[in-house]
Amino acid sequence: MRDGAVLFKALGCTPREKEREVAVAPGELPRALFTLKNMGNFILLDIDATDRPEGFELAWRLLDTGGEGPAGIFTVKVLADRSDPRVPSVMGIWKAADVLEREVWDLMGVRFDGRDGLKRILCRDDFEGHPLRKDFVVEQPARFPGGAEGAGP
Amino acid sequence: MQTLNDLFLIVAGFLRGLMNSLGFTQLLADAVMGLISFAAVTALLMVNVILILWVDRRAASFFQERLGPNRVGPLGLLQSINDAVKLIGKESIMPKAADRRVYRLAPLLVFVVAMVLYGLLPYGKGMTAVNLNAGLLFFIALSSTSTIAILMAGWGSNNKYSLLGGMRTVAQVITYEIPLAFSMLGVVMLSGSMDLGQISAAQHGLWFIFLQPVAFFVFLVSALAELTRSPFDMTEAEQEIVAGYHTEYSGMRFALFFMAEYANLFSVAALGAVLFLGGWQGPILPGYLWFIGKTWAMVLVILWLRWTFPRARLDKMMKFSWKFLIPLSILNILLTGVGIKVYQYVVGR
Amino acid sequence: MNDGAFLSEVGDFDPLETEEYTLNLGPQHPSTHGVYRARLRLNGETIVSCENVIGYLHRGIEKLAESRTYAQFAPYTARFDYLAGALNNWGYALAVEKLGGIEVPERAEYLRVIAGELQRIASHLVMLASMVIDLNAVTGWMYAFTAREGILDLLEALSGSRMMLTYVVAGGVSADLPEEFELKTKTALEGLRSRLDDFQALVSGNEIFQSRTRGIGVIESGQALEYGMTGPNLRSCGIRLDMRRDAPYGVYPRMDFDVPVLHGGDCFDRYSIRILEILQSVRLVEQALGGIPSGPVRTKLKRTWRPPVGEAFAQIESARGIQGYHLVSDGTDKPYRMHLRSPSFVNIGVLPELAPGLTIQDFVATLASLDIVLGEIDR
Amino acid sequence: MLGIGLVQGLFTTAKRFLMKKVTQQYPEELPDLPPRSRGSFGFDVDACISCGLCEDACPNGVIRVEYFLGERNKRQLLRYSMNLGYCLFCGLCVEACPRDAIYFKPDFTLACYRKDDAVFQWRGNAYRPPEVPAASAPAAPEGK
């Protein structure tokens, strides 16, 4: 795990105390990840998305195995617009991004620009909506069989 | 003891005598005897298939530290009958897009071929249902026709897995037919006959396995491939092509394939016993018991191999045949020829 | 096609017309380890291209988490990677502990190592078993499963359940060691060793097995990193990356164990490394049992426990690679968002690149050697 | 030498052929399950105070506690139902119970033919059968 300050410096940001997380603008993302990858010893672990009131918060989690001491996670965050969430794809930087981006698109409905084959991966192809969004309505099945008596306590 | 040995011959002779005394013509008597042999062979086949099924499952279980089927009947002996009845009772589902005639014909052909092979085997001295003087040749020729039936099944099912299975069978069986035939040639040279009965008789005192160990090895390997038994069971490789050519078969049609497979196992094991283990030759016990015993020994060896080895790869297996087994078997033929000449020279002097 | 051109040069033949075709390997197929489907383009038996089709087991557990409390969600985590339930529980517990700043008693940490490593053994045994049965070594499969049975019995004695343990919970573990556990462990590990020896004698040395696996489906180390592969699959390509050693959690820093690494990157190495890891896990279990301190096993959380607003990402070395749990809290008793980084989901991404040129038989071997669990892929 | 591995494998299977088998002949020979084993549930009607903690703890809504308020607003258990068809056997209810009224039993024979049979019910001491018995009232395998 490298010192956060080194990474922040490479990315051209001001480091804060003990931070292992940086927020960038959507347009800046490929450059930031490319810079990090070129420093070596990074593995793209995960892309995940959270549906927050202010927009979709996407996080690229990189496993940092360089430097001294134990390996650690370094997170690059992007806040995508709520109405039309779009971020550039990083498939050209890490091939692992392929399945991870498709997952985010499928479940959260964030579009990744500049790549092919962005289609559903977990839900069926004709599924409507993006289930992990907060406004997605889930049907609740009845728990107890037997009509009105079984409608719950 | 001699009576016991010739029991079946005596019975046959008695029946012929009976028919003569009743005024049957020679032709009619032959026909009746043919029918009786047919019934006897079929009965033998069914009993053996059912037994092999049971032994296969029990032996597999024992190799794998478990007990296997032991509930139906004593020791689970009736399990295979149970399964057969179950299969007969099941609906035979035919895919809509199947080539209907080919699809229906294939299991019958496979089973008929398997059955005819039983007629050729010498169960004891003079105990062959159909005695041919080129029995061995006929045996090989006939057994390879089942390839066509299997290809028919693969094609007729109109399923990609089935077709792959059918194609694999053709490739594999044709490739291994050559070393199989070559491995038998050494035996034919030694015994000077293609009559299975005479080959057995020629092994009086010394089994051919001791004279032809290399040929026996080649025979065993190619027989496994011919039977499409593990490690060469690519044609019905469950993990790759689901069930190969019989993927789309169910009910009694599937049962026919299944029984034919085990029937073939027995007949090829019997052929091995005839060619290399002296057939019905053996002390004390009647010949037919020796024959059955040796055949079962071969069957057990094949099962043992099956439950021990993983599956080989198709292309590597082909290479193994073309680049190793065939040269080896040709070399064996050459050495056998030289050996015979040397022996004749030594003995002749 | 080349054959056709060749034939037409030789004589007056029409060139043999060959055609590529599509084969759907799965979702119902004996060797797809669940409901994975590969859409293969085939030329004869050779694969031209391969496409992963997954999602048949998608149960929406991540969404489910948003309607369960932190404690209530714990049992569901074992349903991700159902072959390594305890490790899943552990990863989730780590994330919750990180989120809420919960201390774990030391005895519980040792018990976690015991449960986790036993679970890793069980999981690797399933991998070995399913790999050899995909190559039709049925007997080897039985030996590995019988050995696993002994391990599962231990886990049952420990937690009460064989696969879905819910043993590792936030704040510690759910129960202390049962009576005579050391003795039972000793017997079970003896059974494991004897069966593993037989398994090795039966399969590893077998020439047919080797010819099926050596040099098949080779993953280069650079390729593996590019595709984000982790776990034994990565370590078999020559990269020593193990969260237990590189980003230690629990009491692993105090444990003495090796991280085996192989360099071939082929199916055989992916198979062998599991055996080596099992032996290391046995070492870890024995160490943990030997050095376990006394004390409480759980920091009880209040029934209406609420973590502070924030988020946490915790990662664990699961049986298949790095498993990461991302938890977002909005201050209520239910997670605002739960996300799982599942190793199989990422590992399988490499398959479309490996497949072209392999035959169906090799493909089956390669798929088995990647050791995917569909519960974890589809979530 | 080529073939050594094959021969070794043959010896291994032959060895296991002769060794003791691990099969358990199930209905005659029952497995010896550890006491913690989560097979099915036992319920102590007298111990239950109808607090509903188990109902709260259950992640899947499997448990339903029916009660009425008796003298001094004390809860009287009418009926305790568990729909084991949805049960995860996670043990959170057992952990939550303050009186150990619900507990695990190693008995694991839970197979049943109808979905309704998977609903386990225990009648509380205050239970009175309804005047018109409902036709669809599920049978109680462990009913008291």
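Start by selecting chains A and C together: their contact takes 27 residues from chain C and 24 residues from chain A. Two residues count as in contact here if their C-beta atoms, placed from the backbone, lie within 7 Å. Of the five pairs of chains in contact, A and C share the most contacts.

Before you click on, know that this is a predicted model, in which local features need pLDDT of at least 70, side-chain atom pairs count only at pLDDT 80 or more, and totals for chains, interfaces and linings use all residues. Residues are numbered from 1 along each chain as its sequence is written, while chains are lettered from A and ligands numbered from 1 in the order in which they are written.

**Chain C, the side that touches chain A**

On the side that touches chain A, the elements giving two or more residues include β6 (310–318), β7 (321–329) and β8 (335–341) of chain C. Pick out β7(C), which gives the most, with four residues. This side of chain C divides into 11 nonpolar, nine polar and seven charged residues. Nonpolar means Ala, Val, Leu, Ile, Met, Phe, Trp, Tyr, Cys and Pro; charged means Asp, Glu, Lys and Arg; the others, Gly among them, are polar.

Zoom out to see chain C with its 16 helices and eight strands. Its C-alpha atoms fill a box of roughly 85 × 50 × 35 Å, taken along the principal axes. Which share of its 379 residues is buried? Buried residues make up 59%, where buried means 20 or more other C-beta atoms within 10 Å of the residue's own, C-beta atoms being placed from the backbone (12 or fewer is exposed, in between is partly exposed).

Chain C has a mean of 86, and 96% of its residues reach 70 or more. Then select residues 1–5 of chain C, where the pLDDT is below 50.

**Over to chain D**

Next, show chains C and D: this contact takes 21 residues from chain D and 24 residues from chain C. Helix α1 (residues 4–18) of chain D provides the largest share of chain D's side, seven residues.

Chain D has a mean pLDDT of 79. Select residues 136–144 of chain D, where the pLDDT is below 50.

**Last stop**

Finally, show chains A and B, which do not touch; their nearest C-alpha atoms are 25 Å apart.

Technical notes: pLDDT = per-residue confidence, 0-100.
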